[in-house]
Amino acid sequence: MKISGLLTSAGINIGLCVLFLSLYSVLRKQPQNVRVYFGRRIAEEQDRLRGAFILERFVPSTGWIVKALQYTEEEILAAAGLDAVVFNRILVFSIRIFSLAAILCVFGVLPLNYFGQDIKHVRIPSESLDIFTIGNVGVRSRWLWVHCVALYIISGVACILLYIEYKHIARLRLLHLTSATPNPSHFTILIRGIPKTDKGPCSNVVDDFFTKYHASSYLFHQVVYKVGKVQKIMTGAKKAYNKFKHFKDNTVDQGCRAISYRCCLCGASSNSFKLLSTEFEQNRCKAGNVSSLNFPDEECTAAFVFFKTRYAALVASEILQTSNPMEWVANLAPEPDDVYWSNLWLPYKQLWFRRIATLIGSIVFMFLFLAPVTFIQGLSQLEKLQQKLPFLKGILKPKYMSQLVTGYLPSVVLQIFLYTVAPIMMLFSTLEGPTSHSERKRSACCKVLYFTIWNIFFVNVLSGTVISQLNVLSSPKDIPIELARAVPGQATFFITYVLTSGWASLSSELMQLFGLIWNFIRKYILRMKEDTEFVPSFPYHTEVPKVMLFGLLGFTCSVLAPLILPFLLVYFFLGYVVYRNQLLNVYRTRYDTGGLYWPIAHNTVIFSLVLTQIICLGVFGLKKSPVAAGFTIPLIIGTLLFNQYCRNRLLPLFKTFPAQDLIDMDRDDERSGRIEEIHHQLHSAYCQFADTGDVPLEKIQTVGRDEDQGSSSGESSGKETCEDPRKDLSHPTLKGLPVSRLQNAVRSLTFLIRLQKRGLSE
């Protein structure tokens, strides 16, 4: 591809970025979009924007950039959690290292590549991008030592910055542990693989075991039940009740006519109903809150076990409980809001099979993705594509068409296919059986990261057709040489990919296109009220792999094709502003891993450095520069030794909690007298049926049908017949609130489940 094609792609993406950023600065000021662009703040502060006409609302501005940059790291930690700080530090690290690489390589290495051979150069727009890569440097060139020195400087500074960030995040993790309010998960372990016995109910088995072997520290336990569709129905009842709970202690008079709005093409009146006076505030569920459902003992598959101190819970989670490793398996419990209840009932012995199955499925999906990648490679290699498909010569004859196809279309097509990756990997991670939402998202993050590195980098680099891919894979010893030959040639595709998947995707993320469209459909087509409860969480499983992939491209191309570095720097600077804005205003933090995304980022950076050094070793070998190749080998060994040092020195802090800090926290609680209060709070910490614990279904009754049917749906076009807005209880599509039928359905399903279990037991 020529420089003109690259400029075409850059111009299109710059135009899209400017358009999206301008639209965002206007749309964020509109009152109807407040829950799209300020979902987290609205959920926490319950603010609303006024609907008055202000000219400033329709003028693009940059005020949001200034506000995003004004927040400190402490404010981000308090508002969005430690994972948000880790993600922000990944961007900071990328900005620092690639700023140095850009200065070093653009001004030091790029001129050497351009004048590497004694050839006649044409005008810059007509030059091929291969002229700016190391492929243009002659064999046995005496300037290859400059590339080797640049590689040493980038690798050394990257390791130093990595170590500084690793220590900083480890310190934040310890501060997050010690300075936070008492966390119930620190006193709790999750027991799985509870053996079935004939001695009594499952709850008694758990109590007997821990009373016998952990008598001095055991507090109490809470069993987990498999409830399936019963819990889903009761959760639905909770959501239905929440729509009407603010009408507490109010009676709707039958004389108040129902209000009807048009839902798309139709509108219908609803029944009047009243809420009987009742005590709305109920006690939250306790440890034995499932007893009212009377589930059979066979439904017990796991249990939360609570201890008197944090240290006792840590010890119990680290040791082997019995001589059978598949029984009484103990792990520290996730935080209450982080528990993934749907997977707790899975048999522990089944998990290894699930993990193997999802691993095989992920690998198969990665290889199936070779088909679209091969097609995209054909688009980027226009000359070969025209030879195989002669009819394209007429279509691609105009200059602007060839520039569009080679410079912009391949990365756009690839980006469209990549939208299917994250949901599929999230499904695979769910099938593995994680016990927490954060563990599921972290597992999906790793899968998406492996997938993108393989398909975006290796598959694009190593070959353009499936046949050549198989040839490369059949001789692994030649992979470094193949990488050395192919990476400089694929730099043009990677630059366009950064423009499309980087710049344009950041603008799309800022605009929240899907949320904006859904908000419009919900409010103006479906005529639904705003959902004050749903606020999305930050998609770490898609954004972390994307940032790390761009880091991989930056490291591998920094010395070989430095022209990519300015485009990457723009992406990281823009991402630093955009992601800070999204974390502080749009997304809501429901759970936190405690900074566990940093080890993933650290390992990816180390992999990128080692891969870059191996590719440079192959390039120096192809260029017949034994001195540069010889000096690269110690650099690879030094990088691996640095990684091992970090694994021994800092990684253990991310795997478990220090006993010293936990013991100090326990002693402080005992001296201050807070330990009894903490033990009391543990009773209501983990509620499997918390969604239905405060729904007094039996207190909601329908009164009867609305007798006034005189007015048509067209006449009742949304005008209220009652002055009190709290009495607006109608729904355009419901004939009434079938709470009694819902209650009977729950009871019937519960009864059928009991009969089924009794039949199986007999």
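View 1. A contact means heavy atoms within 4.5 Å. Residues 691-739 also keep a pLDDT under 50, with 96 such contacts. Over the protein, the mean pLDDT is 76, and 67% of the residues reach 70 or more. This is a predicted model, in which local features need pLDDT of at least 70 and side-chain atom pairs count only at pLDDT 80 or more, while totals for chains, interfaces and linings use all residues. Residues are numbered from 1 along each chain as its sequence is written, and side-chain values use heavy atoms, with hydrogens and water left out.

**View 2. Helix α6 beside helix α23.** Helices (DSSP runs of H or I, at least four residues) are numbered from the N terminus. The axes of α6 (residues 82-108) and α23 (residues 540-558) come within 11 Å and cross at roughly 15°. Axes are lines fitted to C-alpha atoms over the stretch in contact, and angles run from 0 to 180 degrees between N-to-C directions. That makes α6 roughly parallel to α23 (angles under 35 degrees). The crossing is left-handed, that is, the near helix is turned anticlockwise from the far one by less than a right angle; clockwise is right-handed. Residues of the contact include Phe87 and Ile97 of α6 and Val544 and Gly551 of α23. By class they divide into 13 nonpolar, 4 polar and 2 charged. Ala, Val, Leu, Ile, Met, Phe, Trp, Tyr, Cys and Pro count as nonpolar, Asp, Glu, Lys and Arg as charged, and the others, Gly among them, as polar.

**View 3. Helix α19 against α23.** Helix α19 (residues 437-462) packs on α23 at an angle of about 35°, their axes being 8 Å apart. This crossing is right-handed. Among the residues that meet are Leu449 and Ile453 in α19, and Met548 and Leu552 in α23. The contact has 14 nonpolar, 3 polar and 1 charged residues.

**View 4. Helix α23 and helix α24.** The axes of α23 and α24 (residues 564-585) come within 10 Å and cross at roughly 160°. The two are therefore roughly antiparallel (angles over 145 degrees). The crossing is left-handed. Phe550 and Gly554 in α23, and Leu568 and Phe572 in α24, are among the residues that meet. This contact divides into 12 nonpolar, 3 polar and 2 charged residues.

**View 5. The salt bridge of Arg310 and Asp666.** The closest N and O atoms of this pair are 3.0 Å apart. A salt bridge is a side-chain nitrogen of Lys or Arg within 4 Å of a carboxyl oxygen of Asp or Glu. Arg310 lies in helix α11 (residues 310-318) and Asp666 in helix α28 (residues 659-672), 356 residues apart. The structure holds 9 salt bridges.

Key. Angles under 35 degrees count as roughly parallel, over 145 as roughly antiparallel, 65 to 115 as roughly perpendicular and the rest as oblique. pLDDT is the predictor's confidence in each residue, from 0 to 100.
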